[in-house]
Amino acid sequence: MIVFNQVQKSYQVGGRAIPALLPTDMTIETGEVFGIVGHSGAGKSTLVRLINLLEPPTGGDILIDDENITGYSAAELRAFRRKVGMIFQHFNLLSSKTVADNIAFPMKLAGIYSKAEIRERVQELLARVSLTDQADKYPSQLSGGQKQRVGIARALACRPTILLCDEATSALDPQTTQSVLRLLGDLNKELGLTIVLITHEMDVVRRVCDRVAVMDGGRVVEMGAVSDVFLHPQHPTTRDFVFESESVDSQERQQDLQKASGRILRLTFRGESTYQPLLGSVARASGVDFSILSGRIDHIKDTPYGQLTLSLVGGDLEVAMEALEAADVHVEVVR
Amino acid sequence: MDILLSNVDWPEIGVASWDTLVMVGMSLLFSVLAGLPVGVLLFLTGKRQLLEQPVAYAVLSFVVNVLRSIPFIILLIVMIPFTVMLIGTSLGVAGAIPPLVAGGAPFFARLVETSLREVDRGIIEATQAMGANVRQIVFGALLPEALPGIIAGITVTAITLVSYAAMSGVIGGGGLGDLAIRFGYQRFQTDVMVITVALLVIFVQVLQMIGDRLVLYFSRK
């Protein structure tokens, strides 16, 4: 469990303190995939680097499994960092070492593993990330996705309990992103690894995260289960991110809504209700006519969800809304 | 041929070539041994680096700059008392080596500093995140990553030392430069001058070629 207790960070620039992270309280549970979204400069990079103290905080306490890491000596800190893997946007592999040597590197640095142990672990990790036949290649000979898989294998070498991902998929194409995210999800399940993932893409959060914190201007503006934050965003920054991920231009959306007549409802289906043929029966029972303005069916991690924006004309609106709510559909009146 | 090169004493040319080789080789060795740690320290103590130490950096940088700003021909003369103290003579091959190192080491140190700065900061950060200490970061990540740049730096330093070694002939340093000055310049034996210059050109070409090959071999980018 990672606990932030009034943690803050500011940088000294020309004698003035520029805050990067305002005092923040946060708890990341063991074994969860925790996402941190924000635009660049929102403080998310700082936040993730506080967890392994690549950036020391200027105030507050960071507790990992009930131990205050801010008081660690240099040697204690180095030992602790071996238990926290990290992967990066630009992979940060050593270009002078082969794939196998890159993966072995953290174990060699630790100085507590025998040569045989290292060799065996490297083989195991190469197999896990499906790169066994690339072992003797150099990073420059690999594709972006392969490089990130080497990065993941390297991060896992010393069997960490926490994995920090710094924009790990931002330099990858959509297909490779998907395969890397799937790998991270599998590792989370198989190894019970706690994953902290920062990204500027809500889509990444939607696919793998359990909970999410949205950051803006050095503070966490919204935090909660991904399904709640994603389907019912409260803060304007969060709404922007959600719209962005649906490739919806919020201005265009406003214009569309103005053209529609009648009441406008936004329905959110979650879990099994997503697949139920509900609209037709509700329309018949209440006598309303509806037209679909926009809609989407997708998954949040493993849970299916659907979101529909409808305009409703005539009939008994009250009956319709009651029937929808009775079927476990979240109804939001837009207009 | 014999008439054209009537003044050329080939055995002497051979000895002089060997002397140049020894002067360049030895001074390169000591320049690298002294310049590499200084270059690493310059890098580490620099702004926003692992061991940021503004005072140490300023002092080190000042010494390097002073040595680099003295024209080599002056440095040769300034160094004479020190060279005599160190090895007993300021003449010949041995006497030329201390001033060559004093000229070559700070030059190489700057080249090392520059090539270390070229290493992606992300690699340092990743190595730090693995729990490496500064020594491990330097030897495990920084130097291997900067190796092609450092080899290129050694090549440039070696070539600079060839011309410095030739200059040391002015104060009795020995080697091809000494020959060129004593025979080619003072006795107007143009043929000796041409041969020594040709040999120096070949020497530099060979050094550059070897350097380029090594850089290529160690580049994995």
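Modeller: A helix here is a DSSP run of H or I with at least four residues, and a strand is a run of E with at least two. The model itself is predicted.

Colleague: By that rule, how many helices and strands does chain B have?

Modeller: Chain B has nine helices and zero strands. Its pattern along the sequence is α-α-α-α-α-α-α-α-α. The C-alpha atoms fill a box of roughly 70 × 40 × 25 Å along the principal axes.

Colleague: What share of chain B is buried?

Modeller: A residue is buried if 20 or more other C-beta atoms lie within 10 Å of its own. Of the 221 residues in chain B, 43% are buried.

Colleague: What makes α5(B) and α7(B) parallel or antiparallel?

Modeller: Look at the angle. Helix α5 (residues 92-117) and helix α7 (residues 134-167) of chain B pack at about 150 degrees. Angles over 145 degrees count as roughly antiparallel. α5(B) and α7(B) are therefore roughly antiparallel. Their axes lie 9 Å apart, and the crossing is right-handed.

Colleague: Which residues meet where α5(B) and α7(B) touch?

Modeller: On α5(B) they include Gly103(B), Gly104(B), Phe107(B) and Phe108(B). On α7(B) they include Gly149(B), Ile150(B), Gly153(B) and Tyr164(B). By class, this contact has 14 nonpolar, seven polar and no charged residues. Gly counts as polar in that scheme.

Colleague: Now chain A. In what order do the strands of its open sheet stand?

Modeller: The order is β6-β7-β8-β3-β9-β10 in chain A, six strands with mixed pairing.

Colleague: Why do β6 and β10 of chain A stand at the edges?

Modeller: Count partners. β6 (84-88) and β10 (219-225) of chain A each have a single partner strand, so one side of each has no neighbour in the sheet. From one strand to the next, the twist averages 15 degrees.

Colleague: How do you know that β7 and β8 of chain A pair?

Modeller: Pairing needs at least two bridges. Five bridges join β7 (residues 162-166) to β8 (residues 194-199) in chain A, and these strands run parallel. Leu163(A) stands opposite Ile195(A) in β8(A).

Colleague: Which strands of chain A does helix α1 lie across?

Modeller: Helix α1 (residues 44-51) of chain A lies across β3, β6, β7, β8 and β9, at about 155 degrees to β8(A). Helix α9 (residues 236-245) of chain A also packs on the sheet and touches β3, β9 and β10.

Colleague: How many residues of chain A are in contact with chain B?

Modeller: There are 19 residues of chain A in contact with 19 of chain B. On the chain A side, α2 (74-81), β6 and α3 (99-110) each give two or more. The largest share, four residues, comes from α3(A). By class, that side has ten nonpolar, six polar and three charged residues.

Key. Residues numbered from 1 in each chain as written. Chains lettered and ligands numbered in written order. Predicted model: local features only at pLDDT ≥ 70, side-chain atom pairs only at ≥ 80, totals over all residues. Axes fitted to C-alpha atoms, helices over the stretch in contact; angles between N-to-C directions. Contact = placed C-beta atoms within 7 Å. Buried ≥ 20, exposed ≤ 12 C-beta atoms within 10 Å, placed from the backbone. Parallel < 35°, antiparallel > 145°, perpendicular 65-115°, else oblique. Left-handed = near helix turned anticlockwise from the far one by under 90°.
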